[in-house]
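Let's take a walk through this one together.

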Amino acid sequence: MRIDIITIFPEMFEGPFSESIIKRAQEKKLVDIHLHQLRDYTTDKHRKTDDYAFSGGAGMVMMIEPVARCIDALTAERDYDEIIYMSPDGELLDQKMANTLSLKGNIIILCGHYKGIDERIREHLITKEISIGNYVLSGGELAAAVLVDSVVRLIPGVLGNETSALSDSFQDGLVSPPVYTRPREFRGWKVPDILLSGNEKLITEWKYEQSLKRTKERRPGMLGEES
Ligand code: ADE
């Protein structure tokens, strides 16, 4: 999978993309991530990517020209399955969406800033708008990093058997059961006996029951029940 990210703050991705699972996925060549500095696609000498909104109002607006030039340069090289804009009013990211995107070949992610982006970008250049939650971030970069993390870990081969995404919360429509490690007892707080019993069948049943109980308590909407 190839992911092209358009941003005025490429450095913001250095941390999240150079550690852990995303780092390994890139090393294994299972994902190829490219960061594009939007300012490189401006024509004015100040490398301006924003301007005042027509009709006034607070805040600057991201201009269409550099964005269109950058997207044109990318799409001239290869076809893209989606051109995504990260926006608080986009479709809410969930596990199902992450699964769908993990099966794509090439995607572009545009990170917005300021008060928003020229609406014509959304109308004519973008194929999908994604929000990571009902709150406003200072820009699309952190949201894009969250999206990329949720997608890349699902690409076949990225996670080993042990850490398989199949057992993730939400993956099978339930949240994960509780897990424990050594010691068996700490300050009198004990690991449930059943997990130490060695009885695989009972353990599997227990884990399922715990998942179901937690889902009912914490995410009743996932079971089609009212929250
Ligand atoms: N940009 C600013 N806030 C955002 C959010 N919640 N999700 C996606 N992109 C954003």
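Start at the ligand. Around it sit Met 86, Ser 87, Pro 88, Ile 130, Ser 131, Ile 132, Gly 133, Tyr 135, Val 136, Leu 137, Gly 139 and Ala 143, where a residue makes the list if one of its heavy atoms lies within 4 Å of the molecule. Before going on, a word on ground rules: this is a predicted model, so local features need pLDDT of at least 70 and side-chain atom pairs count only at pLDDT 80 or more, while totals for chains, interfaces and linings use all residues. Residues are numbered from 1 along each chain as its sequence is written, and side-chain values use heavy atoms, with hydrogens and water left out.

Back at the ligand, look for its nitrogen atoms. A ligand nitrogen is 3.0 Å from a polar backbone atom of Ile 132, and a ligand nitrogen is 3.1 Å from a polar backbone atom of Gly 133. For Leu 137, too, a polar backbone atom is 3.0 Å from a nitrogen of the ligand.

Ser 87 belongs to strand β5; strands here are DSSP runs of E with at least two residues, helices are runs of H or I with at least four, and both are numbered from the N terminus. Is Ser 87 buried or exposed? With a relative accessible area of 6%, Ser 87 is buried, on a scale where buried means under 20%, exposed over 50% and partly exposed in between (1.4 Å probe, protein chains only). Its side chain makes a 2.5 Å polar contact with that of Asp 89; such a contact is a pair of N or O atoms within 3.5 Å, and within protein one must be able to donate a hydrogen and the other to accept it, with sequence neighbours counting only if both atoms are side-chain atoms. Leaving out residues up to four places away in sequence, Ser 87 touches Arg 122, Ile 130 and Ser 131, contact being heavy atoms within 4.5 Å.

In the largest nonpolar core, which has 30 residues, the members touching the most others are Ile 3, Ile 5, Ile 109, Leu 147 and Val 148. A core of this kind is a set of buried Ala, Val, Leu, Ile, Met, Phe, Trp, Tyr and Cys residues joined through side-chain atoms within 4.5 Å. Two or more residues each come from β1 (2-7), α2 (20-27), β5 (82-92), α4 (95-102), β6 (106-111) and α6 (140-152). The biggest share is from α6, with seven residues. Apart from this core lies another, of 17 residues, including Ile 8, Leu 38, Tyr 41 and Met 62.

Then there are Phe 13 and Phe 17, both buried. Their ring centres are 5.3 Å apart and their planes meet at 35°, so the pair is tilted.

A few backbone details deserve a stop. Ser 20, in helix α2, has a positive phi near 55° without being a glycine. Ser 55 likewise is no glycine, yet its phi is positive at about 75°; this residue is in the loop between β3 (50-52) and β4 (60-62). Further along, the peptide bond from Arg 182 to Pro 183 is cis, with omega near 5°, and Pro 183 is in the loop between α6 and β8.

Terms used: Rings of Phe, Tyr and Trp (its six-membered ring) pair if their centres lie within 6.5 Å; planes under 30 degrees apart count as stacked, over 60 as edge-to-face and the rest as tilted.
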